[in-house]
Amino acid sequence: MKQYDYLIVGSGLFGSVFAHEATKHGKKCLVIDKRSHLGGNIYCEDIEGITVHKYGAHIFHTNDKRVWTYVNDLVEFNRYTNSPVANYYGELYNLPFNMNTFNKMWGVVTPEEARAKIEEQKKQVTGEPKNLEEQAISLIGYDIYKKLIKGYTEKQWGRECKDLPAFIIKRLPVRFTYDNNYFNDRFQGIPEGGYTQIVEKLLEDIPVLIGVSLQEYQTANAARTADEQDSWDRLLYTGMIDEYYHYRLGTLEYRSLRFETEELPEEDNYQGNAVVNYTEREVPYTRIIEHKHFEFQTGEGTVITREYPTTWKKGDEPYYPINDEKNGALYAQYAELAKKEANVLFGGRLGQYKYYDMDKVIRSALDMVKEELAR
């Protein structure tokens, strides 16, 4: 019989940080994960010497100095700066929207000219924007909306922009400088050798079972004799909160992704950039990732991944919560159920039905551990 303070479901960043910090403070943790590997969506694998982000591009960025120090104490980060390129029918534009974008789009060369062009096009929207299309036009004008936002967004969410809520795009990055750095955050980079090593270090000396779901683990544990069964005081669940409750109140909606990875041994440089977005609706994928550029590799061969947004259904991997009004109301009902749990915690993107960047996941896990240790 083994007695644990915490049974932690999920070995992604949230579960791994929580397990690491709890263990440091004398708690006994067991981590289980239904996938065949550690790390959740930040898992990376080596293909012919190239670190491949298995579940899409992950670029670490934060203004939280404590979180930046935390991850740098675990691994070395490089100086990668996210500067994606948008491809619209063969026309290439810099992202985020900045003076390079405006110059290519309209031929303007000064911020004053760019602002005047945008202000002129914004007049198409009157009153408070009622949907994503109107919100985007009111921020950046019609031309950029049509070429660089509309098709990409409709592929990403599987809905017309007119049918998406305005708030999704309220924080659209717009700059009147010649700066292609996508993020405004003070700290940015990618771990040298990929993200998997972060989780491996966090879970060092902590018992982990992979390829096992919570239900499978509980069933196997119950089948043991009473004196051989594991027990735990608290459960931390980082999977889908509606799945935990067997969808009793209804099913929350997500968007899923399909990844098509291709090895190109005869090609040393496929697209010249780590991330190229394809913004026309007719191209079925949203972007192509060329992984070697994340770590400035120049050797022979390359590996690319195309990302195809898909409709989520039960059994698929959920990547993006659809945080519209309907789903928000349903999640609120599940959150009320969660509050009544004496010994169950929910964390992470799926457990809290919230889009989290990696730094926010770490901060949230650190805060939860602090609260737990103060009990």
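Select Phe187: this residue is buried, with a relative accessible area of 12%, where buried means under 20%, exposed over 50% and partly exposed in between (1.4 Å probe, protein chains only). The model is predicted: local features need pLDDT of at least 70, side-chain atom pairs count only at pLDDT 80 or more, and totals for chains, interfaces and linings use all residues. Residues are numbered from 1 along each chain as its sequence is written, and side-chain values use heavy atoms, with hydrogens and water left out.

Next, select Tyr80 and Phe294. Rings of Phe, Tyr and Trp (its six-membered ring) pair if their centres lie within 6.5 Å; planes under 30 degrees apart count as stacked, over 60 as edge-to-face and the rest as tilted. The ring centres of Tyr80 and Phe294 are 5.3 Å apart and their planes stand at 75°, so this pair is edge-to-face. The two residues are 214 residues apart in the chain. Tyr80 is buried at 5% relative accessibility, and Phe294 is buried at 1%.

Then select Tyr237, Tyr244, Tyr245, Tyr334 and Phe346, which ring pairs link into a cluster.

Which residue lies over the face of Phe296? Select Arg79, at 4.6 Å from the ring centre; a charge sits over a ring if NZ of Lys or CZ of Arg is within 6 Å of the ring centre and within 35 degrees of the ring normal. Lys314 lies over the face of Tyr247, at 4.0 Å from the ring centre.

Finally, select residues 111-122, helix H4. Ala114, Ile118 and Gln121 are buried in H4, whereas Glu112 and Glu120, on the other side, are exposed.

Conventions:
Helices (H or I, at least four residues) and strands (E, at least two) are DSSP runs, numbered from the N terminus. The expected span of a helix is 1.5 Å times one less than its number of residues.
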